[in-house]
Amino acid sequence: MDVMPKWAEVVLVPLISLILAAIISALVILAIGEDPVAAVNLMVTGALGSTYGWGYTLYYATNFLFTGLAVSVAFHAGLFNIGGEGQAMLGGLGVALACLLIPWPHWTLALLGASLAAALFGAAWAAIPAFLQAKRGSHIVITTIMFNFIGAAVLNYVLVNIMRPAGSMDPATARFPEAVHLPTLHDMLGVVGIPFSRAAPANVTFVIAIIACFLVWLLLWRTWLGYEIRSYGKSEPAAKYAGISPVAITMIAMLISGALAGLMAINNVMGEAERLVLNAVEGAGFIGIAVALMGRSHPFGVFLAALLFGFLYQGGAELALWTSIPRELIVVIQALVILFTGALDNMVRMPLEKLFLMLRRKEA
Amino acid sequence: MDFLTLIQLLDSTVRLATPLLLACLAGLFSERAGIFDIGLEGKMLAAAFFSAAVAAVTGSVWLGLAAGIASSIALSLLHGVASITFRGNQLISGVAINFLAAGLTVLIAQDWFQQGGRTPSLMGGGRFEPITLPFAEALAEVPYLGPVYAELISGHSFLVYLAFAAVPLTWWVLFRTRFGLRLRAVGENPAAVDTAGVSVVGLRYAAVIICGVLCGIAGAYLSTALQAGFVKDMSAGRGFIALAALIFAKWRPWYALWATLLFGLFGALETRPDVIQAVIGMKVQGQLLGALPYIMTVIILAGFVGKAVPPRAGGQPYVKER
């Protein structure tokens with residue numbers, strides 16, 4: 001029997017970790033001579049005070065939903081996929097190829113085709129590390145880190161030497177044709193008469209990300225495959241004894257993880273930039289780690305954590321605009337969230353477990 | 001390619017290999033003791049900033065070096081608390097440290113110097129100056145050996161010589177002292193070390209602190225010797241290349257020297273495409289050279305060219321039986 005009741009495990013531990021991260025972040029803001037309360041106010045009005053702010057918050061959240069889900073699926077199989085960044089980069093390449101090479105008649109078809117390409121390219125980039133882990137026992141964390149760098153080099157090469165339009169100095173592809181333009185929230189909400197900022201990049205991909213959340217939940221908790229992934233992650237010997245193939249589960253979990261990370265590209269490449277640029281991912285692959293840890297690898301938790309990080313990103317951009325606090329404050333907050341909800345988890349858990357044990361003894 | 005170009009190329013190889021070598025040896029100590037460290041990058045970055053910042057304010061590069069080492073040790077201790085004391089996930093802790101350093105260095109740099117996340121340029125006593133070894137000028141005229149001594153061996157900063165001296169020293173400590181034997185044992189089988197009555201926790205903390213010191217020197221080298229001042233994200237993935245070199249070297253000090261020199265050579269070649277073209281007669285993409293250390297590491301990890309076996313207890317927290 002578990003020492004702690006379920007609600008403490010699911011809500012209390014992450015909440016305390018988050019509060020600790022918030023307190024230290026506030027101390028950091030104080031230390032650089034700014035007012036944390038004013039900073040939070042500015043972030044809230046900047047990120048949530050207008051439909052423009054919401055548009056950016058949801059746009060960032062969409063990115064983090066995909067990468068957070070990617071990390072979560074791998075976590076459930078006991079694998080740490082640190083390569084979301086590279087997989088999302090390659091997903092972008094897939095999207096760019098699909099959008100530029102095929103003359104799509106309508107954006108719905110283009111979205112379908114681009115999603116497929118993004119998922120395929122992302123999965124392909126996860127396939128080699130997955131294979132090496134499954135068959136050769138090479139540590140997946142190291143190989144996925146290496147593949148992030150290799151992916152960046154590949155993208156750099158492709159953009160500079162192959163896909164750059166003639167005469168352009170900018171290492172980026174040509175603009176995608178008008179037909180693959182995805183409807184933004186402005187377009188979608190305008191249909192039902194809700195006014196929404198025209199400038200903000202949030203688009204239909206946000207809806208797809210929410211569907212992905214639901215599908216991942218379905219996969220993990222309502223299918224045989226999900227059951228096998230989770231049991232393999234809990235105990236490899238037990239899973240083996242139950243006839244689950246470690247090679248197959250490692251491969252499948254990593255391919256799904258890579259595909260999810262790759263799918264992020266339909267948001268940032270197809271939905272926002274409408275062309276592939278260098279560094280299109282902007283660290284979202286790594287934020288996926290923080291999002292998955294904070295969301296306890298559950299799709300609903302990932303949804304909440306992605307919204308929070310979307311808020312932090314948009315709020316942080318506003319802070320950098322109006323105060324002398326640089327944007328890197330968000331990187332610090334991200335680090336603290338990873339530290340407290342991930343690495344220092346036991347620091348919160350151990351005293352809480354002791355407390356609950358004491359309470360239970362008193363009852364008995 | 002003429003002889004002088006070769007000497008220049010090897011000279012910049014040495015310069016570029018030095019931070020990799022120091023960080024690689026840092027990782028060697030940590031991972032041999034069973035603590036995975038993907039936070040080498042973050043520690044180097046923090047040390048690069050604090051050494052440049054303190055050197056800029058005080059004008060003394062030695063105080064800068066001390067501050068760099070101190071900041072790197074502080075992050076090492078954080079890693080130790082998370083992964084040794086609280087038995088957290090060492091990889092996640094490493095990721096957190098990398099981000100913490102990436103964010104905090106810019107934040108503090110902006111607060112202290114208001115120059116967009118960089119430190120003022122270092123001058124005079126704020127930098128490690130090249131050291132001219134004795135007789136370098138006199139011997140420079142001797143054919144072949146003269147330029148090798150005067151250009152390649154002489155004329156580096158103190159930290160370069162320190163890094164190269166650290167290789168035999170690391171080998172001696174790890175393989176010829178009692179401390180080294182215990183350190184390696186704690187990375188292979190901590191329970192055996194515990195049974196022998198030696199503190200597993202103490203040894204592992206010692207290892208991460210040594211790792212912090214070496215990373216600190218590597219970072220200080222970046223901002224006070226290789227360049228004159230700190231700029232945002234100046235470690236530029238070197239911590240990860242060092243990690244790759246560590247695997248390439250199969251966790252052994254002498255191999256670490258060759259691996260980092262090889263990766264340093266790739267870095268030097270990246271800036272001299274003309275030399276590659278002259279030697280092998282075809283153009284090689286700069287991106288390929290940049291990615292080569294990572295590609296080679298994946299191949300080594302895959303076990304196609306001699307298997308790299310990490311320390312057996314690496315990454316696992318040690319739980320004493322109760």
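Q: What makes domain 1 and domain 2 of chain A separate units here?
A: The bounds come from an automatic or database domain assignment. Under that assignment, domain 1 of chain A is 1-34 + 324-364, and domain 2 of chain A is 53-309. Their centres, taken over C-alpha atoms, are 28 Å apart. The contact uses eight residues from domain 1 of chain A and six residues from domain 2 of chain A. Two residues count as in contact if their C-beta atoms, placed from the backbone, lie within 7 Å.

This is a predicted model: local features need pLDDT of at least 70, side-chain atom pairs count only at pLDDT 80 or more, and totals for chains, interfaces and linings use all residues. Residues are numbered from 1 along each chain as its sequence is written, while chains are lettered from A and ligands numbered from 1 in the order in which they are written.

Q: Which helices supply at least two residues to the side of domain 1 of chain A that touches domain 2 of chain A?
A: Helix 1 (6-31) and helix 15 of chain A do. Helix 15 of chain A gives the most, five residues. Helices (H or I, at least four residues) are DSSP runs, as are strands (E, at least two), numbered from the N terminus.

Q: How many residues on that side of domain 1 of chain A are nonpolar, polar and charged?
A: Five are nonpolar, three are polar and none is charged. Nonpolar means Ala, Val, Leu, Ile, Met, Phe, Trp, Tyr, Cys and Pro; charged means Asp, Glu, Lys and Arg; the others, Gly among them, are polar.

Q: Why is helix 7 of chain B called roughly perpendicular to helix 8 of chain B?
A: Helix 7 (residues 158-176) and helix 8 (residues 178-188) of chain B pack at about 75 degrees, with axes 5 Å apart. Roughly perpendicular covers 65 to 115 degrees; under 35 is roughly parallel, over 145 roughly antiparallel, and the rest oblique. The angle therefore makes the two helices of chain B roughly perpendicular. Among the residues in contact are Phe175(B) of helix 7 and Phe179(B) of helix 8 of chain B.

Q: What makes up the side of chain A that touches chain B?
A: It has 36 residues of chain A, in contact with 37 residues of chain B. Helix 6 of chain A gives the largest share, ten residues. By class, 25 are nonpolar, eight polar and three charged.

Q: What confidence does the predictor give the complex?
A: The complex has an ipTM of 0.90 and a pTM of 0.91. Chain B averages a pLDDT (per-residue confidence, from 0 to 100) of 90, with 98% of the residues scoring at least 70.

Note on methods
Axes fitted to C-alpha atoms, helices over the stretch in contact; angles between N-to-C directions. pLDDT = per-residue confidence, 0-100.
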